[in-house]
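Visitor: I have a structure to go through and would like a plain tour. Can we take it piece by piece?

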Amino acid sequence: MSRNRSSSGSSSGSSSAADFPLSGVPAQVAEPMLPHLEAAAVEMVREIQGLVPEYARPPESRYGRRMRWAVEETVRQFVDAIGRPDMDWEKVTAIFEGIGAYEARQGRRLDGLQTAIRVSGQVACRRFIKDARRLGWSLDTLGRFTESLFVFLERIAGAAGQGYARAQGEIAGERERFRRRLRDLLVMEPPASAEAIGELAASADWPVPRTLAAVAVRPGPGDAVPVLPPMFLADWDAPEPYLICPDPDGPGRDRMLTAIKGTRSAAIGPAVPPARTALSLRWARRGLALVERGALPGKEPLRCLDHLPSLVATQSEELLDVALGSRLAPLMKLPPHRRDALSRTMLTYMECRDNAVAAAERLLVHEQTVRYRIRRLEEALGGVMLDPDRRIELLLLLHHLVRLDTGDRRLSPAD
């Protein structure tokens, strides 16, 4: 083995190399150790594999050969530092930074690597004691070896930790980039294929759920962006912010409600297969628009499927506006206050399956008042209210007039 003493030119390594205890040990002490380095490495690998199951690979496998090389190179670097005031720390720390990064990319914790480093140190200590007896080292020399070993192990363990942390940051950044791409793909129109979604979801480490829901949100001014569970995909910077919640009718329901609790208003789209996320977002945004114009209640997050009539009616408001003038002409000619009372009564009466008592309870009026108003409406509108073929049409028109119309035909604000 070469014992070249030339400086490596590393400022970070040379600045502390003189403080390494082995730098004060005569260089010739290393010579009798050189023939035994390979045996020391073999012993370390054997004990590591016995204690760390994930490192127990066949010696001739690519992993096994790489592991043995790393151990042998580390042992050589330690022995090569004997009597050397200009030790190149970067060479050995680079090995362990790479190992730490590899462990992070494999999804493993640092425990196995830390155990391997500790076991290697134990083997080295045992061999130093034998060498001291065999080579007649003084207690001072043995003490320097032991002290140097602790410094060496601490340094390489720190390097492994740095490599591990750096790789984790890179992995997290890469995963976040894939998740942003996945988020955009899910809401794309026309929709992406299930295969494309699955492929990108695998890269993003995002298990594809059976169903999901898009949630349109309106954060309050100056509100901080909430910290969401990893399964949520969100775009808080969009002109119309939204998030995507997996399994909204199952385990994801409570997490979703917690995530949007701090927003000023929110609307939850229908649960759909992942390939139809754009549909869920489209209806969530329509629901949020109705909340913000006061047509639907907004104290709690709005569930779009709980307000189907309003959402369906808003898609045909122009047609419904025109139809009001022809289908309900006698009602529309009345003064606003009378028209409002009669239209509300008729809508509530029909929603209560033509039950005057139930309608009176909802309207907070006497049941005779309801019956009187219904008779007036039947006289004004003819047989429209009794025509089963016109009933759905009438409900849509009344729903639009009473609950959604924000023009000057309205007398009262939305419930």
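**Walking through the model**

Guide: Cysteine 352 has a relative accessible area of 14%, so this residue is buried. Keep in mind that the model is predicted.

Visitor: How many disulfides are there?
Guide: The count is 0 disulfides. Cysteine 304 is in no disulfide, and the nearest cysteine sulfur, that of cysteine 245, is 14 Å away. A pair would need its sulfur atoms within 2.5 Å.

Visitor: And is cysteine 304 buried or exposed?
Guide: Cysteine 304 counts as buried, because its relative accessibility is 2%.

Visitor: Zooming out, how many helices and strands does the protein have?
Guide: The protein has 16 helices and 5 strands. Its radius of gyration is 38 Å, well over the 22 Å that the globule rule gives for 415 residues, so the protein is more spread out than a compact globule.

Visitor: What does the C-alpha trace span along its principal axes?
Guide: About 120 × 40 × 35 Å. As for burial, 44% of the 415 residues count as buried.

Visitor: What share of the contacts comes from residues 24 or more positions apart?
Guide: They account for 71% of the contacts with a separation of 6 or more.

Visitor: Which domains does the assignment give?
Guide: Domain 1 covers 21-172, domain 2 covers 210-306 and domain 3 covers 316-404. The C-alpha centres of domain 1 and domain 3 are 86 Å apart.

Visitor: What does UniProt list for residues 24-187?
Guide: The UniProt entry, which is unreviewed, lists "domain: PucR-like N-terminal" there. Residues 24-187 are 76% helix and 0% strand, with end C-alpha atoms 67 Å apart.

Visitor: Pick a helix in that part. How many residues does helix 3 have?
Guide: Helix 3 runs over residues 62-80 and has 19 residues. From first C-alpha to last, helix 3 reaches 27 Å, close to the 27 Å expected at 1.5 Å a residue.

Visitor: Which residues of helix 3 are buried?
Guide: Among them are Tyr63, Gly64, Met67, Ala70, Val71 and Glu73. Further along helix 3, the buried residues include Thr74, Val75, Gln77, Phe78, Val79 and Asp80.

Visitor: What covers them?
Guide: The cover over the buried residues of helix 3 includes helix 2 (37-51), helix 4 (89-105), helix 5 (111-135) and helix 6 (139-186).

Visitor: Where does arginine 293 lie?
Guide: Arginine 293 is in the loop between helix 9 (277-292) and strand 5 (302-303). Arginine 293 counts as partly exposed, because its relative accessibility is 33%.

Visitor: How far apart are arginine 293 and methionine 188?
Guide: In sequence, arginine 293 and methionine 188 are 105 residues apart. In space the C-alpha to C-alpha distance between arginine 293 and methionine 188 is 27 Å.

Visitor: Is threonine 345 buried or exposed?
Guide: Threonine 345 is buried, because its relative accessible area is 0%. This residue is in helix 13.

Visitor: Which residues does threonine 345 contact, leaving aside neighbours within four places in sequence?
Guide: On that basis, threonine 345 is in contact with Leu363, Val370, Arg373 and Ile374.

Conventions. Residues numbered from 1 in each chain as written. Predicted model: local features only at pLDDT ≥ 70, side-chain atom pairs only at ≥ 80, totals over all residues. Heavy atoms only, no water. Domains from an automatic or database assignment. Buried < 20%, exposed > 50% of the residue type's maximum accessible area, 1.4 Å probe, protein only. Helix = DSSP H or I, 4+ residues; strand = E, 2+ residues; numbered from the N terminus. Expected span 1.5 Å × (residues − 1). Contact = heavy atoms within 4.5 Å. Rg over C-alpha atoms; globule rule 2.2 N^0.38 Å. UniProt positions renumbered as here; feature names shortened; annotations may be inferred.
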